[in-house]
Every structure is written in C-alpha cells, then in structure tokens.
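Here's a friendly walk through one protein model, with the sequence and the 3D view to keep open beside you. Take your time and look up each spot as it comes along.

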Amino acid sequence: MQKRLTLLGSTGSIGDSTLDVVARHPDRFSVYALTAHRNGDKLVEQCLRFSPEVAVVGDAETARVVQQKLRDAGSRIEVTYGPDALVEVAKSGGCDTVVAAIVGAAGLAPSLAAARSGKRILLANKEALVMSGAIFMDAVRDHGAILLPVDSEHNAIFQCLPREAALHGGVSKIILTASGGPFRTREPSTLTDVTPDEACKHPNWSMGRKISVDSATMMNKGLEVIEAHWLFDLPGERIEVLIHPQSVIHSMVSYADGSVLAQLGNPDMRTPIAHALAFPERVDSGVAPLDLAQVASLSFEKPDYARFPCLALALKALAEGGVASAALNAANEVAVEAFLARRIGFMAIADTVDAVLNALPNRRAASLDDVIEADAAARRAATAFIDRLPAVFQRAARTEYTERAIQ
Ligand code: NAD
Ligand code: MG
C-alpha cells in the first residue's frame with residue numbers, strides 16, 4: 001500500500017534528502033503536506049513538483065506570497081501557517097506517515113501530535129526527544145504509533161538490535177560513533193576565534209547550520225546519547241561515544257557474548273531515510289555503494305571532554321534527569337543562534353549552556369507544561385547570560401559545573 005507523507009521541515013537538508021528518495025519511488029510514496037518556515041520560494045518549487053494537498057509556512061505574509069505564486073502556476077494547494085497548522089498536518093487523517101525534520105524545539109508540538117495520532121513517525125528532530133523523552137515515548141506507546149529513527153546513528157543501532165524486544169537482554173551496550181567534526185584536531189587555544197562558516201564546514205556530512213555547529217561542539221553527540229537513551233531504553237552508562245573520523249560505521253551494538261554488530265555505509269542521509277521510509281523492506285536510496293577498498297582504513301579514538309565540554313554537559317544533564325535535558329537543549333539553541341549571528345564566540349556556546357544548567361533548579365518532567373516552562377526559563381537565562389558577556393567573541397570563564405561534568 002502507498003504511504004502518504006507529511007514532511008515537516010521539507011525545505012531543510014533532511015527535507016531535501018527525503019524528497020529525493022520519495023521521487024525515486026512514486027509507486028510507494030506520495031505527499032500529503034509539506035512545511036517550511038520562511039523559505040517560501042523553495043516550498044513553492046517543492047509543491048509544484050510533489051503536489052501535496054496542504055503547504056504550511058511560518059507566518060501570514062509568507063503564506064500570502066506562497067499562495068499567490070501557487071495560484072499563478074495554476075495550483076490549488078491549500079496554504080496555512082503557524083504552529084497550529086503544523087500540528088494539524090501532523091495529526092491529519094490525510095497522512096499515515098510523518099517525517100519530523102524541523103530543527104529544534106519548534107518541532108516538538110507537531111512531532112508529539114503525530115505520536116498522539118498513532119502515526120508512523122520518522123524522527124530526525126532529535127531535539128523533540130531530548131526535551132520530552134518520557135512523555136514522547138509514552139505517547140508513542142499509548143497511541144500505537146511507530147517510531148523509526150532517521151538520525152544515522154540511531155538508525156544504525158535500530159538495524160543492529162534484535163527485532164524482538166524480548167532479546168534485548170543480550171545487549172551489553174551501544175556504541176555511538178562520532179566524526180569529531182571540523183575541530184577534532186585543531187589546536188584548542190585557537191577555537192575561540194573560529195567563524196560560523198568554519199564551524200559549519202563538516203568534514204563528512206552536509207547538513208543544516210544548527211546541527212553543523214552542534215557537530216563542531218559535539219553537543220550533537222550529547223543530544224544523540226540522550227536520544228538513544230529514550231529510543232532504546234538504556235541508561236547513559238551503557239551508551240558509549242567513540243570518535244570515528246571516517247563516518248563509515250554509523251554505530252554499533254555490543255552483545256553479552258562479545259559480538260559487536262555494526263552498520264556501515266557512505267555518509268549520506270538518504271540511506272537511513274530510505275531505510276525508515278520503506279521499513280521493513282529495502283529500497284534504492286540513490287546512495288553510491290560503499291567501496292571499502294577505497295576507504296582503506298577505519299580509525300577510532302576516545303572523545304576528549306576538555307576539548308568538547310558540550311558533550312560532557314549533555315551527559316551530565318542526562319544523568320541528572322528531570323527537565324535538565326530540556327534546559328540544556330534550549331540554552332544550546334539560543335547560544336548556537338547567537339554564535340551563527342556572530343554575537344558570541346564558539347567556546348561561549350558551552351559557557352552559556354554551562355551557566356544556564358548551573359543557575360536553574362532542576363525538577364521532574366511530569367508533564368509537557370514542565371518541559372515547556374523549563375525550555376522558556378532556560379532561553380531567558382541563556383539570553384541574559386549572553387547579554388552580560390563583556391564583549392563580542394569574549395570567552396567567559398568556565399564554572400565549576402563544566403569542570404565537574406568534564407571529570
Ligand atoms: P535545516 O536547517 O536544513 O532545515 C530545518 C527545516 O525546519 C527547514 O525546512 C525549516 O524551514 C524548518 N524550520 C526551521 N525553524 C522552524 C520553525 N521555527 N518552525 C517551523 N519550521 C521550522 O535542518 P536539517 O539539517 O535538515 O535538520 C533537521 C533536523 O534533523 C534537526 O533536528 C537535526 O538535528 C536532525 N538531523 C539532521 C541531519 C542532517 O544530516 N541534516 C542528520 C541527523 C539529524
Ligand atoms: Mg546523527
């Protein structure tokens with residue numbers, strides 16, 4: 001049966017890769033809704049090519065322009081806007097599958113709505129799970145949703161785990177690989193001066209700017225450990241981070257008998273996307289076959305927490321539980337945005353997250369309101385911290401919180 005898709009965040013990097021796979025299999029997949037924030041021109045192009053029923057944008061003015069352009073091109077696609085419209089297309093009976101590819105906390109409400117509507121959810125938006133892990137996983141279970149990881153590491157682990165949950169007892173740990181990003185070997189004292197463009201120049205993957213900066217700080221891997229904790233129901237101590245600069249092994253599962261299963265492939269998101277779209281079948285993704293003779297060698301090393309304090313901070317937030325992960329995520333989003341706008345230096349991203357986690361009291365994440373409140377409080381605290389930074393690009397002192405997290 002053909003799958004009918006809502007693609008949240010269709011104009012982004014994951015959105016592009018998803019539509020590339022979808023276009024290869026018109027018999028298997030069709031599009032119900034596409035959504036973008038401000039990139040109306042790209043959304044119009046996508047609409048004319050994939051003919052969804054609904055297109056969603058961020059605001060009324062973008063909606064007006066997109067609607068006009070579609071009408072001019074002879075299309076009658078309905079255009080809506082705003083956060084409620086995202087929730088509507090995520091839970092609509094018009095789709096059975098929701099690809100959650102909005103970046104950041106903005107993706108939480110529609111992703112959760114998809115879970116509560118029992119959809120098949122292809123999750124790229126890791127921030128949603130980092131913020132509200134227990135609530136999200138409960139919604140998936142209670143409403144019979146199917147959650148398929150698109151993040152390459154989690155998709156790899158999903159592929160390496162036994163199908164039947166009853167056999168998960170034989171799993172000793174999961175090993176999340178990380179490329180180490182563009183600054184793996186750069187002299188740490190020079191990191192204060194890196195530019196947004198340098199931080200976004202990932203050695204192996206082409207991605208949106210926020211996740212590219214997260215990869216450079218390794219906050220991305222920290223968020224992924226939290227994501228893995230919720231997806232696979234394992235404590236942080238059984239999730240190991242391993243630097244693997246070639247990004248050929250996308251992650252591994254280690255078993256009680258000493259076996260280690262790995263999933264390999266070229267670093268191209270169309271592989272995990274195609275896997276999740278067609279699961280449990282396999283379809284062509286357009287990705288070139290892996291040529292191991294050309295790769296020649298694979299190398300591994302332990303992560304350096306002093307170089308990547310964001311990774312240590314994320315692991316600490318996971319260990320603390322409660323709303324700490326939501327606060328970590330919100331502070332990071334504010335800091336990355338400030339870094340991309342050249343308002344703070346690269347190392348001040350970790351300082352901002354550190355200061356926020358240090359300042360805000362933790363509490364239980366009993367409801368979605370708790371999560372949303374913690375997110376808002378962390379955003380306010382991060383903004384205040386950044387405003388107080390003495391000068392642009394100045395490095396603030398690390399608090400004891402980070403020092404403890406690194407140890
Ligand atoms: P991107 O910046 O390229 O695209 C983001 C998409 O979200 C765009 O369509 C944008 O219009 C939309 N968007 C942004 N802000 C929004 C808002 N406030 N409201 C509604 N829509 C909004 O990002 P990306 O690289 O495609 O990443 C998307 C998600 O997938 C992120 O959570 C990221 O961590 C995750 N992810 C990405 C990759 C990758 O290779 N790009 C890999 C693994 C996971
Ligand atoms: Mg990843």
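Let's start with glutamate 61, which is partly exposed, with a relative accessible area of 45%. Before going on, keep in mind that you're looking at a predicted model. What does glutamate 61 pair up with? Its side chain meets that of arginine 64 in a salt bridge, with N and O 2.9 Å apart. Arginine 64 counts as exposed, at 51% relative accessibility; the cut-off for that label is over 50%. Glutamate 61 and arginine 64 sit 3 residues apart in helix H3 (residues 60-72), so about one helical turn separates them. As a bit of background, side chains of opposite charge can pair when their charged atoms come close.

How many salt bridges does the structure hold? The count is 28. Another one links aspartate 375 and arginine 379, whose closest N and O atoms are 2.8 Å apart. Both of these residues belong to helix H16 (residues 368-388), and they're 4 residues apart, about one turn of the helix. Is aspartate 375 buried or exposed? At 10% relative accessibility, aspartate 375 counts as buried, while arginine 379, at 23%, counts as partly exposed.

Arginine 270 forms a salt bridge with aspartate 20, and the closest N and O atoms are 3.1 Å apart. Arginine 270 lies in helix H11 (residues 270-278) and aspartate 20 in helix H1, so this pair ties together parts that are 250 residues apart in sequence. Arginine 270 is buried, with a relative accessible area of 16%, whereas aspartate 20 counts as partly exposed at 28%.

| Salt bridge | N to O distance |
|---|---|
| Arginine 64 and glutamate 61 | 2.9 Å |
| Aspartate 375 and arginine 379 | 2.8 Å |
| Arginine 270 and aspartate 20 | 3.1 Å |

**Around the ligand**

Next, go and find ligand 1. Which residues come nearest to ligand 1? Of the 22 residues around it, those are Thr11, Ser13, Ile14, Glu127 and Gly208. If you sort the shell around ligand 1 by residue type, you get 11 nonpolar, 8 polar and 3 charged. Helix H1 (13-24) and helix H6 (126-142) each supply at least two residues of this shell. The shell also draws on two domains, with at least three residues from each of domain 1 (3-149) and domain 2 (181-217 + 304-406).

Zoom in on the backbone and you can pick out some polar contacts. A backbone N or O atom of serine 13 lies 2.9 Å from an oxygen atom of ligand 1. A polar backbone atom of histidine 37 is also 2.9 Å from an oxygen atom of ligand 1. For alanine 124, the distance from a polar backbone atom to a ligand 1 oxygen is 3.4 Å. How much of ligand 1 does the protein bury? Taken alone, ligand 1 exposes 830 Å², and the protein buries 86% of that.

**A stop at helix H4**

Helix H4 (residues 83-91) is where you'll find glutamate 88, and alanine 90 is in helix H4 as well. Glutamate 88 counts as partly exposed, at 46% relative accessibility, but alanine 90 is buried, with a relative accessible area of 0%. The C-alpha atoms of alanine 90 and alanine 100, 10 residues apart along the chain, are separated by 8.9 Å. Those of glutamate 88 and alanine 278, 190 residues apart along the chain, are separated by 24 Å.

Most residues other than glycine have a negative phi, and most peptide bonds are trans. Where does this model have a cis peptide bond? The bond from phenylalanine 279 to proline 280 is cis, with omega near 5 degrees. Proline 280 sits in the loop between H11 and helix H12 (292-295).

Positive phi values turn up too. Serine 51 has a phi near 45 degrees, and its place is in the loop between helix H2 (40-50) and strand S3 (54-57). Alanine 296 has a phi near 70 degrees. Look for alanine 296 in the loop between H12 and helix H13 (309-320), where it counts as exposed at 65% relative accessibility.

Note on methods. Residues numbered from 1 in each chain as written. Chains lettered and ligands numbered in written order. Predicted model: local features only at pLDDT ≥ 70, side-chain atom pairs only at ≥ 80, totals over all residues. Heavy atoms only, no water. Near = heavy atom within 4 Å. Polar contact = N/O pair within 3.5 Å; in protein donor to acceptor, adjacent residues only side chain to side chain. Areas by Shrake-Rupley, 256 points an atom, 1.4 Å probe, with all protein chains shown as cover. Nonpolar A, V, L, I, M, F, W, Y, C, P; charged D, E, K, R; others polar. Domains from an automatic or database assignment. Salt bridge = Lys/Arg side-chain N within 4 Å of Asp/Glu carboxyl O. Buried < 20%, exposed > 50% of the residue type's maximum accessible area, 1.4 Å probe, protein only.
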